[in-house]
Structure formats: C-alpha cells, structure tokens
Amino acid sequence: MKLAIKFVLHLIFVLVLTIGTQIGGLVYLVSIFVRNFVLKKNLLKLNKRFLFIIIYILTYLFFSFIIVPPVAKSLGRTPLPVFSNENIKPLNIMTCVLNRHYVTPKLKESIINSAEEFNGLHPNSVVSYLDANFPFFDGFPLAPHLSHNDGKKLDLAFFYKDQNKKELNNSAPSLIGYGVFEEPKAEEYNMPKNCEEKGFWQYGIIERFVPQWNKDKMIFDLQRTKDLIHILSKNKSISKIFIEPHLKTRMKLNNEKIRFHGCRAVRHDDHIHLQIN
Ligand SMILES: [Zn+2]
C-alpha cells in the first residue's frame, strides 16, 4: 500500500512537471536515479529530500541550458533572446527558466526584425515577450495556452507608463504579464462581458488569480502598443494578431490580420498574441 501511494505521488510529480515545463518530468526521473546512486555510493551525507532538491535543480539547469537548446534546434525550434538582444527581452525571466520561450527560426527572425523596427521608432523601448512554446513536439500545448503547441505562436506584453506619464520598459502591472486587464470604457464594446454572459466562464478567470495592486499604478501606453501592433501587422510572416476588440477600436487599428480570437479563448486586453503560418 505504502509503495502504491509512493508510486502515485511520483506519477503526479512527473505529470505536473511535464505539463509545466515539458522536460521537468524527465528531469525528475533522472534526479531520482542520480540521488539513489549518490546515496548508494555514500558520496554525500545529506538529508535525502534536501539532496534530491539540489540534484533536481542542478539537473534541470544542466538540461535547460546545455542539452535542450541544441536538441530543440535539430528538431526545428530555437529559444528567443534572453539577455543578448537590447530590443526584445522576456518580461519575466521565469518564462525562460521554464523553457516557455521556444519558437521556430522563422518566428524568431520575424519578431527580432519587428522589435528592431520598433526600436527605430521608439529608441530605448524594449519589446517584452511572454509565453511562446515549449522546445519539443508539435501538438504538445504550453498550458494554459492550447494553441501554443507548434513553435508558431508568441505572446507579447503591452507597454505602460507610470503615474507621471514616464514610459516604462520591461514592466507590466502583472508580474507574469497576464491577468491585469485594460478594461473596456463605458462607451466601448464590451466583449468580455458578452462572452461571460454567453457562459464562457473561463474568458476572464485569470484575473481572480493575479494580484491587481499595480492596476492603477501603471497606465496603458496606447501609442507605443499601437505602434508595435502596426509594425507586427506589416510583417509578411505574421499571419494573425489577437487583441480584444475594444482595444483594436481604441487604437484605431484596421489591418485585417488583427482579429478577435473567439469566446472560447481568454481575454486579450492584457497582452498581444501573434502567430505565423
Ligand atoms: Zn497567445
């Protein structure tokens, strides 16, 4: 019985880590093997759990930085720049630690070119990316984004100003970039309300899990966000861009690539979603 419970617990850990980081479950199994080897050979005298945590972290980092990038490259995906490009950076470094920043080379080239063009218009402004895709396997979704499963999808953060109208960079009211919404104004079309009234309860649910304390401290930067979306929409490789309809109207954007994503998805008044064919 005890063994069965242990097995189920291991299975749950493997599943959760695989869903969250793709390689985490495999690293978990490798770490158990390494820990047992260390204990058997009496190489280190440490508490069994503490030893496992250290081995897990080291193995995870080894896989993430040494093994995954070349293997992903050979299978057609490449990581977005982490520190190497001044025009585009992750909003939150955890996106990269969790291996959620992989795209196809074509998407990488497109977004780097667009970020460079944007930088020409707004020097010193940094395009911040959010979730992209995992390194391996078409069809393996990057939870909770079901469509981010082929290396061809990428989310970007909006731009914001502080209360003194100073432009902020690499900063958003939500630490993860999602879940703090730029709400429809009274006179604007309210798609989130419309979707929720139709029964799509998931549409704005993330707001309940994300702290809202910066919502009033950061002001949506319409001009820079609009300029970025305009540049993205001109990029020939980019086929679709999703934002909430009230923001498309507010920003006076009319390129046909900029679309509504449907009530089955989630709100897009906290980030930009883009994809290539
Ligand atoms: Zn997306």
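How many salt bridges does the rule find across the interface of domain 1 and domain 2? The rule finds zero, a salt bridge being a side-chain nitrogen of Lys or Arg within 4 Å of a carboxyl oxygen of Asp or Glu. The model is predicted, so that local features need pLDDT of at least 70 and side-chain atom pairs count only at pLDDT 80 or more, whereas totals for chains, interfaces and linings use all residues. Residues are numbered from 1 along each chain as its sequence is written, and side-chain values use heavy atoms, with hydrogens and water left out.

Domain 1 spans 2–74 and domain 2 spans 79–276, with bounds that come from an automatic or database domain assignment. Twelve residues of domain 1 are in contact with eleven residues of domain 2, contact meaning heavy atoms within 4.5 Å. Across this interface the rule finds five residue pairs in polar contact, both residues at pLDDT 80 or more (a pair of N or O atoms within 3.5 Å; within protein, one must be able to donate a hydrogen and the other to accept it, and residues adjacent in sequence count only if both atoms are side-chain atoms).

Within domain 2, Asp 270 is buried yet has no salt bridge, the nearest side chain of opposite charge, that of Arg 267, being 7.0 Å away; buried denotes under 20% relative accessible area with a 1.4 Å probe and protein chains only, and Lys and Arg count as positive and Asp and Glu as negative, while His and the chain ends are not counted. The side chain of Asp 270 instead reaches the backbone nitrogen of Gly 179 at 2.7 Å, and a polar contact of 2.8 Å joins it to the side chain of His 271.

Note on methods
Buried means under 20% relative accessible area, exposed over 50%, partly exposed in between (1.4 Å probe, protein chains only).
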